[in-house]
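I have a new model open today, and these are my notes on what I looked up in it. Follow along with the sequence and the 3D view.

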Amino acid sequence: MMAAISASEAGKKVIILEKNEKLGKKLFITGKGRCNVTTACPPEEFLNHVMTNPRFLYSSFSRFNNEDMIAFLNTAGLKTKVERGQRVFPFSDHSSDVIQTLKRQCEKNRVIIRYHARVTDILLNDEQTAFSGVRLEDGEIITGESLIMACGGNSYASTGSNGEGYLLAESIGHTIKPVYPSLVPFVMKETWCKDLMGLTLKNVSITVKNGKKSIYEGFGEFLFTHFGVSGPLVLTASTCLGKYQKPLEEGKLRLILDMKPSLTMEQMEKRFLREFDTYRNKNISNVIERMLPKKMVPIFLQIADIPEDKKVHSISKKERHRMMELMKGLEMHIEGVRTFDEAIVTRGGVNVKEVSPTTMESKLVKNVYFAGEMLDLDAVTGGFNLQIAWSTGYVAGQNA
């Protein structure tokens, strides 16, 4: 839609070929149906949040950045608001309002929208060097001067982004970098995660390690699930796993959870001693309940190998230290990540070395352009991935 709006502003006749029955099916489910449309972070910091090929984005982002997107939506009649983590949402909290705003702009610019129009082939000129048209599933051929491929990635296939775009790009000679789920929950080896399902820990920190090497460190919100762990902290950590597929498959990646990041070991010891002194004759479970969520206490003591009904006065120094170390560094093992059906974005895609960063045009086939998640670009959670779509779509449209 953004590419169509941008291209039609130059007075060109533009057709959107949409294989679904309506526009923006994937946009509809973003941000839990509220659509985290972009970020309010300072534009000069934006590229720091892009995990794959940030330099490629420099040109298109500087032409149409997050502030431009907010201004575009506001001018088109959609009020926005900024929430925690600089996330920008429509004021109404309805993703459908974002879709309607973009659709209205398309209609205002006389963009033709064809539904149930699935492209099966890209047609090139006789020399196979430039675009000439597309063939639809029913055999119809549509010719044109330029083609913008904005087919999405491989995540949430039910919305239409099932990887077909990659096959079409490959059919005209493009290289596809291997695709993996990104911004995706972790499957953990520890079966006790299931017993803590639904428990959210706020203001904790995690470190993901491959052997002795730390590959991610972060602070935020952490959620236990029936299969492992999730939450904003874990989703962001998953963006760092791209180059660690082998250790991941071998189950060699560890996650260390610090439940008390604001306390040093010395401060932690003082806290323990103070609690132990006050509640000498109580069960250890009562004291740990003052430091951790109630639901976590039985699991925590089980891992520490301390009976729940053991009296505080009979806890040894060794046992106390074991509990302190667990609170500051509970080690878990990552067995894998969830599937594309739960991944917010796709890592991998059309090799950006084969695409011009200033125009989004293919370097292999003239008059073919790319935008959005089809490209090997991905960022952390918080509106950054949608902004990649807006920026590349805008520039592709302008140049096409």
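Entry 1: Two packed helices are described by the angle between their axes and the distance between the axes. Here helix 4 (residues 54–63) and helix 14 (residues 384–399) meet at an angle of about 80°, and their axes are 8 Å apart. I note that axes are lines fitted to C-alpha atoms, for helices over the stretch in contact, with angles from 0 to 180 degrees between N-to-C directions.

Which residues make the contact? From helix 4 I listed Leu 57, Ser 60, Phe 61 and Arg 63. From helix 14 I listed Gln 387, Ile 388, Ser 391, Thr 392, Tyr 394, Val 395, Gln 398 and Asn 399. Contact means heavy atoms within 4.5 Å. The residues of this contact divide into 5 nonpolar, 6 polar and 1 charged (nonpolar is Ala, Val, Leu, Ile, Met, Phe, Trp, Tyr, Cys and Pro; charged is Asp, Glu, Lys and Arg; the others, Gly among them, are polar).

**Entry 2: ground rules and overview.** I reminded myself that this is a predicted model, in which local features need pLDDT of at least 70 and side-chain atom pairs count only at pLDDT 80 or more, while totals for chains, interfaces and linings use all residues. Residues are numbered from 1 along each chain as its sequence is written, and side-chain values use heavy atoms, with hydrogens and water left out.

The C-alpha trace spans about 85 × 45 × 35 Å along its principal axes. Of the 400 residues, 52% are buried (under 20% relative accessible area; exposed is over 50%, partly exposed in between, with a 1.4 Å probe and protein chains only). Among contacts with a separation of 6 or more, 72% join residues 24 or more positions apart.

Entry 3: Next I looked at an open sheet of 3 strands, in the order 7-8-9 with antiparallel pairing. Two strands pair if DSSP finds at least two bridges between them. Which strands are at the edges? They are strand 7 (119–124) and strand 9 (141–143), each pairing on one side only. Neighbouring strands of this sheet are turned by 25° against each other on average, direction ignored.

Strand 7 and strand 8 are joined by 5 bridges, and strand 8 (residues 131–136) pairs with strand 9 over 3 bridges. I found Val 134 of strand 8 opposite Ile 122, and Val 134 also stands opposite Ile 142 in strand 9. The hairpin of strand 7 and strand 8 has 6 residues between the strands, and Gln 128 there takes a positive phi near 60°.

**Entry 4: strand 13 and its partners.** Strand 13 (residues 200–210) runs antiparallel to strand 14 (residues 213–224), with 9 bridges. Thr 200 stands opposite Leu 223 in strand 14. This hairpin has 2 residues between its strands, and Gly 211 in the turn has a positive phi of about 65°. Strand 13 is also antiparallel to strand 16 (residues 253–258), through 6 bridges, and Lys 209 stands opposite Arg 254 there.

I then picked Thr 207, which lies in strand 13. Is Thr 207 buried or exposed? Thr 207 is buried, with a relative accessible area of 18%. Beyond its neighbours within four places in sequence, its contacts include Tyr 216, Glu 217, Arg 254 and Ile 256.

**Entry 5: two loop residues.** His 174 sits in the loop between helix 7 (164–171) and strand 11 (176–182). His 174 counts as buried because its relative accessibility is 3%. Its side chain makes a polar contact with the side chain of Ser 362 at 2.7 Å (a pair of N or O atoms within 3.5 Å; within protein, one must be able to donate a hydrogen and the other to accept it, and residues adjacent in sequence count only if both atoms are side-chain atoms).

Thr 239 is in the loop between helix 8 (232–238) and helix 9 (245–249). At 2% relative accessibility, I put Thr 239 down as buried too.

How values were computed. Helix = DSSP H or I, 4+ residues; strand = E, 2+ residues; numbered from the N terminus.
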